[in-house]
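Please keep the sequence and the model in view while reading.

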Amino acid sequence: MDDAQLLRYSRHILLNELGVEGQEALLASHALVIGAGGLGSPVALYLGSAGVGRITVVDHDTVDETNLQRQIAHNLARVGHAKAESVRDAVAAINPDVVVTPVVQRADAALLDALVAQADVVLDCTDNFTTRHAINRACVAHRKPLVSGAAIRMDGQLGVYDSRTPGNPCYACVFPEDAGVEEALCATMGVFAPLVGIVGTMQAAEALKLLTGLGSRITGRLLMIDGRDLAFTSIALPQNPQCAVCGQPH
């Protein structure tokens, strides 16, 4: 690190858990953020401000005025612009040294297979089960740690799925692809604005710990967040030996 970086990241360097080595690990890391909305906004801003060297942001959508209630990486001047490009600009305004690559494309299986293979950590900031399961499959196939967040109405969830360690569950162990879970969309159900910030910030924290070798202590657990009482409940998640994604040879 040069003198400017030592100054910029001094508060990280002062932490015994990080130090110079941890910050250098972040600078050399590559994070893949899928979804540039309510969750992806705080995720990308904190990863960028913390000095993660490369961030790829995937989102096919454009900024709408209704997004501005909670998607803090965007602003009125960028309404109509691609969300992934808007996030790139927001991160650049905080830390221009970080290389942010926007991918304005729907995250299908082929794209995820290519991008997940290149990443050190993957953050699922999407809002639909089809994409979530595609992300999970790619992470299991390439043995990449996945930090998954969700928020709707006043309720949030956070999970870390790390297939690098045998016996850890994957996302499909908890939410099977054939479970027929009904989608709940914030466009029709609403979402409490600060809740996506809480969940997204926690996703960023877990990703930074994974990238610096601290690991995640919630791997194999599902953290449930009640925004009404600001109450947190942690549920143990065993691997499902019959899981179609991680429970069979692949």
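Which residue just after α4 takes a positive phi? The residue is Gly 51, whose phi is about 95 degrees. This is a predicted model, in which local features need pLDDT of at least 70 and side-chain atom pairs count only at pLDDT 80 or more, while totals for chains, interfaces and linings use all residues. Residues are numbered from 1 along each chain as its sequence is written, and side-chain values use heavy atoms, with hydrogens and water left out.

The protein chain contains 10 helices and eight strands; helices (H or I, at least four residues) and strands (E, at least two) are DSSP runs, numbered from the N terminus. The chain is as compact as a globular protein of 250 residues, because its radius of gyration of 17 Å is close to the 18 Å that the globule rule gives for that length. Here the radius is taken over C-alpha atoms, and the rule is 2.2 Å times the number of residues to the power 0.38. Along the principal axes, the C-alpha atoms fill a box of roughly 50 × 40 × 40 Å.

Attention now turns to the interior. Of the 250 residues, 48% are buried, where buried means under 20% relative accessible area, exposed over 50%, and partly exposed in between (1.4 Å probe, protein chains only). In α4, nine of the 11 residues are buried, including Pro 42, Leu 45 and Leu 47.

Leu 47 and Leu 123 have the most contacts inside the largest nonpolar core, which has 38 residues. Such a core is a set of buried Ala, Val, Leu, Ile, Met, Phe, Trp, Tyr and Cys residues joined through side-chain atoms within 4.5 Å. Among the elements that each supply at least two residues of this core are β1 (30-34), α4 (40-50) and α10 (193-211). The element that gives the most is α10, with eight residues. Leaving aside residues up to four places away in sequence, Leu 47 touches Val 33, Ile 55, Leu 123 and Ala 204, among others; contact means heavy atoms within 4.5 Å. A second, separate core of 20 residues includes Val 58, Cys 139, Leu 146 and Leu 222.

Two loop residues complete the account. Arg 153, in the loop between β5 (146-152) and β6, has a positive phi of about 55 degrees although it is not a glycine. Arg 153 counts as partly exposed because its relative accessibility is 33%. Leu 230, in the loop between β7 and β8 (231-236), is a residue other than glycine with a positive phi, near 50 degrees.
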